[in-house]
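Hi,

Here is the structure I promised to pass on to you.

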Amino acid sequence: MLLIGILTSLFWWYSNKKLSYWKDRNVPYAKPLPFFGSLIDLATTPMHVLELNRYFSLGPIHGFFEGLRPVLVVGDPKLIRDIFITDFQIFPNRRVFQGCPILSRSLLISEGDYWRRIRSIVSPTFTTKKLKRILGIFEDCSKTLVQNFKISAQKEKPLSVKRIFNAFVLDVTASSAFSTKIDSLNDSKSEFVQQVNKNFGIIHKSKLCLMLLFTSWHHLKNIFKSSAVNGSALQFFSDFIKEVISERKRTKQTRDDFLQLLLDIEKKSTIDNEKEYVENDDDIDTNYGENISGQNIFPGESQKNLTHEELVSQCVTFLVAANDTTASLLTTTTHILATNESIQEKAYQEVAKHLQETNGKLTYEALQKMKYLDNIMSETLRLYPPVMRVCRRAEKEYNLGETGINIQKGVVILLPILALHRDPKYYPDPEKFDPDRFSDEEVAKRDPNTYLPFGHGPRTCIGMRFAQLSAKVCLVYIISSFVIKSCSQTKIPMELLKDSYFTLQAKDVTVKLEIRKDCPLV
């Protein structure tokens, strides 16, 4: 008993010593509990509520604890730019969890020079030039979605849209990535569809709390190894991709998809493609607040080929990352249009005008002229960013601007995207949906480091253009084909999922659809 008492006392002393980290540095912080740190708050409060409460009660710069691990939230625009861009060499990596070896080679998790090499190879597959080549895929999948919507509209019944948007995104991703045509809404028995539906999606807070708790204790971190995606599902998609690759090499067939672009790169030993990556892409980037052209992301990087394992990893990551974020944007935008009739009508008039100029054909150039629709999407991403926060890890000791805060090596920094987007200092009346916030005049007045729906800096979301363009095409088809109306089952305000840690998603959205008789699309 004496030994137990001594060990308990030592444990209590050690835990409290670790949890005095922010107090010793005079940083406002969320009060921790021994062993658990601030994780009890996370377990009992929805992440989006907790994020906003801490930001507005403790300030834009504050600390908390994941178990014994100190985490610093930085919501000051100048310091955000310093961390994510100016001093990127000190904060180049995200936090690392023990997980699946298939994903360990992906852009999401890889670090340092290895990440730079992978990013420099994969980046050119998402240029505007490449995306124009798959615009037809976005249209085909949008037409399928419209047909599914029409079935509900003809029955004059309320429609739950989230499931349909999830199916749309899966169809788009499978076609764009692997030239695999599926109808995931109507062919739910497909093994491909079942594996995605069963195993991909949000990481629940209970699982995250355990991961964060055990990885914060150095001697316990190997006890809890987990991946965001079920291992059997990862293996299924890995085997699926390998079969597709093998068949293409055997038949020497080529396709116009993400996998083919990576296969073409795999054949080369060095590629001079960074110039193509940054030029002529401002047309998409500037619509949504992130323009990384001109950033010296890969100085002197020798771009080598992908190994077979690396190629498979990027394809699996593409499938995982696209699954929820684009569907979330479409779901929340539909709710907003249903509850803002004047905004919806203005969007329709703009879409109809530019489609009339092309005789009803949706071209890339016509899409680029639809600026008000861009503003609607941007404002939706402000209010409901699919990813609420992103993190970086200090690789060296660092003094945080003029705050007097010294960040030690290994400390995790969080960028509070949701809280920043809801701060009235940058967005007056922040709960109001107002697309005019993103007019050229208003954007010019605002610090660009206060709008970051796709992250920030060299590690900004590589699929940003893909997500923007596929969602915009889908919305053009919906707005052209239907009047979206709220109904008795439409939740106002929109209900958000409570169990998600990384992503901000609607629980579901139910609306009624009225088929337009004056659809401007051919």
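First, some housekeeping. This is a predicted model, in which local features need pLDDT of at least 70 and side-chain atom pairs count only at pLDDT 80 or more, while totals for chains, interfaces and linings use all residues. Residues are numbered from 1 along each chain as its sequence is written, and side-chain values use heavy atoms, with hydrogens and water left out.

On confidence: pLDDT is the predictor's confidence in each residue, from 0 to 100. Its mean over the chain is 87, and 84% of the residues reach 70 or more. Two stretches to treat with care are residues 269-280 and residues 292-296. In residues 269-280 pLDDT stays under 50, and the model has 26 contacts there beyond four places in sequence (contact means heavy atoms within 4.5 Å). Residues 292-296 also stay under 50, with eleven such contacts. Where pLDDT is low, the predicted coordinates should not be read in detail.

Now the sheet. Helices (H or I, at least four residues) and strands (E, at least two) are DSSP runs, numbered from the N terminus, and two strands pair if DSSP finds at least two bridges between them. Three strands make up an open, antiparallel sheet in the order β3-β9-β8. β3 (159-160) and β8 (482-485) are at the edges with a single partner strand each, so one side of each has no neighbour in the sheet. Between β8 and β9 (residues 510-515) there are four bridges; V483 stands opposite E514, and K485 has K512 as its bridge partner. β3 and β9 are joined by two bridges, where L159 is partnered by V511.

Which helices lie across β8 and β9? One is α16 (residues 308-338), which runs at about 85° to β8. Another is α22 (residues 464-481), at about 90° to β8. For these angles, axes are lines fitted to C-alpha atoms, for helices over the stretch in contact, and angles run from 0 to 180 degrees between N-to-C directions.

Helix α16 also holds E310. Is E310 buried or exposed? With 4% relative accessibility, E310 counts as buried (buried means under 20% relative accessible area, exposed over 50%, partly exposed in between, with a 1.4 Å probe and protein chains only). The E310 side chain reaches the backbone nitrogen of T307 at 2.9 Å. Leaving aside neighbours within four places in sequence, E310 is in contact with R105, Y114, R117, I118 and N305.

S176, in helix α9 (residues 162-178), is buried too, at 2% relative accessibility. A polar atom of its side chain lies 2.8 Å from the backbone oxygen of V172. Not counting residues up to four places away in sequence, S176 touches I134, I137, F138, D257, F258 and F466.

Lastly, the cysteines. How many disulfides does the structure hold? There are zero, a disulfide being a pair of cysteine sulfur atoms within 2.5 Å. For C141, the nearest cysteine sulfur is that of C474, 9.3 Å away. C141 is buried at 8% relative accessibility, whereas C461 is partly exposed, with a relative accessible area of 36%.

Best wishes

Conventions:
Polar contact = N/O pair within 3.5 Å; in protein donor to acceptor, adjacent residues only side chain to side chain.
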